[in-house]
Amino acid sequence: DPKIIQKPKYLVAVTGSEKILICEQYLGHNAMYWYRQSAKKPLEFMFSYSYQKLMDNQTASSRFQPQSSKKNHLDLQITALKPDDSATYFCASSQETGGREQYFGPGTRLTVL
Amino acid sequence: GQGVEQPDNLMSVEGTFARVNCTYSTSGFNGLSWYQQREGHAPVFLSYVVLDGLKDSGHFSTFLSRSNGYSYLLLTELQIKDSASYLCAVRMPNYNVLYFGSGTKLTVEP
């Protein structure tokens with residue numbers, strides 16, 4: 001059974017629209033993260049949450065808003081989508097904040113037209 | 001910015017070894033992790049080092065020199081299935097943020 005679920009697997013959106021990327025982890029971890037991976041670019045840290053509280057935000061744009069309704073959920077809302085937002089978005093988790101070993105979900109591949 | 005550098009590509013032969021290099025110049029350091037990522041899949045954790053020296057984990061070994069801002073991942077007895085991208089990531093002093101290199105794509109040939 002998958003331990004980290006991300007929905008949807010693929011997502012196509014039009015410029016200016018809004019989408020929510022879903023992430024649920026069933027590892028019993030207390031820390032969750034969002035990363036972005038664009039073509040030809042390194043995996044980029046976006047946010048970290050611990051016990052549903054925002055710990056770090058390395059994303060300059062307020063168009064990206066994480067939402068945590070439960071300890072094992074960390075969704076990512078993206079508003080006013082731009083073509084440059086096209087990337088694969090990975091959710092990850094670790095036992096505690098700053099965990100040495102992070103487990104990554106399968107990713108959501110977002111394409112903005 | 002935070003610099004974590006890796007060569008783009010590396011080729012080696014089945015049954016031999018491969019060394020994947022990583023250099024970093026970041027504003028802080030609290031450990032370095034290695035991940036394996038296959039095409040179209042998520043990164044998978046391999047190893048974490050924070051002290052200088054060589055850490056042997058069997059098929060994978062990792063080396064760290066903090067004074068030189070340098071690490072490498074050594075894969076021995078290579079198999080075709082070791083073909084993948086290998087990412088290094090520097091953990092910052094606040095423990096939460098990881099800065100990744102762009103990854104080295106390792107191709108293992110028969």
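Guide: The area buried between chain A and chain B is about 1,600 Å², and carbon and sulfur atoms give 56% of it. Buried area here is the accessible area, taken with a 1.4 Å probe, that two parts lose on being put together, summed over both. On the side of chain A, A:Leu43, A:Arg100 and A:Phe104 supply 31% of the area that chain A buries against chain B, more than any other three residues.

Visitor: What are these values based on?

Guide: This is a predicted model, in which local features need pLDDT of at least 70 and side-chain atom pairs count only at pLDDT 80 or more, while totals for chains, interfaces and linings use all residues. Residues are numbered from 1 along each chain as its sequence is written, chains are lettered from A and ligands numbered from 1 in the order in which they are written, and side-chain values use heavy atoms, with hydrogens and water left out.

Visitor: How many residues of chain A are in contact with chain B?

Guide: Contact means heavy atoms within 4.5 Å. By that rule, 20 residues of chain A are in contact with 18 residues of chain B.

Visitor: How many salt bridges are there between chain A and chain B?

Guide: The count between these two chains is zero. Over all chains it comes to three.

Visitor: Why do A:Arg36 and A:Glu44 count as a salt bridge?

Guide: The term requires a side-chain nitrogen of Lys or Arg within 4 Å of a carboxyl oxygen of Asp or Glu. The N to O distance for A:Arg36 and A:Glu44 is 3.2 Å, so the pair qualifies.

Visitor: Is A:Arg36 buried or exposed?

Guide: Buried means under 20% relative accessible area, exposed over 50%, and partly exposed in between (1.4 Å probe, protein chains only). A:Arg36 has 11% relative accessibility, so it counts as buried.

Visitor: What are the values for A:Asp85 and A:Arg63?

Guide: Their side chains meet in a salt bridge at 2.8 Å, N to O. The pair ties together parts that are 22 residues apart in sequence. A:Asp85 counts as buried at 4% relative accessibility, and A:Arg63 counts as buried at 14%.

Visitor: How far apart are the closest N and O atoms of B:Asp52 and B:Arg66?

Guide: They are 3.1 Å apart, and the two residues form a salt bridge. B:Asp52 is partly exposed, with a relative accessible area of 44%, and B:Arg66 is partly exposed as well, with 42%.

Note on methods:
Helix = DSSP H or I, 4+ residues; strand = E, 2+ residues; numbered from the N terminus.
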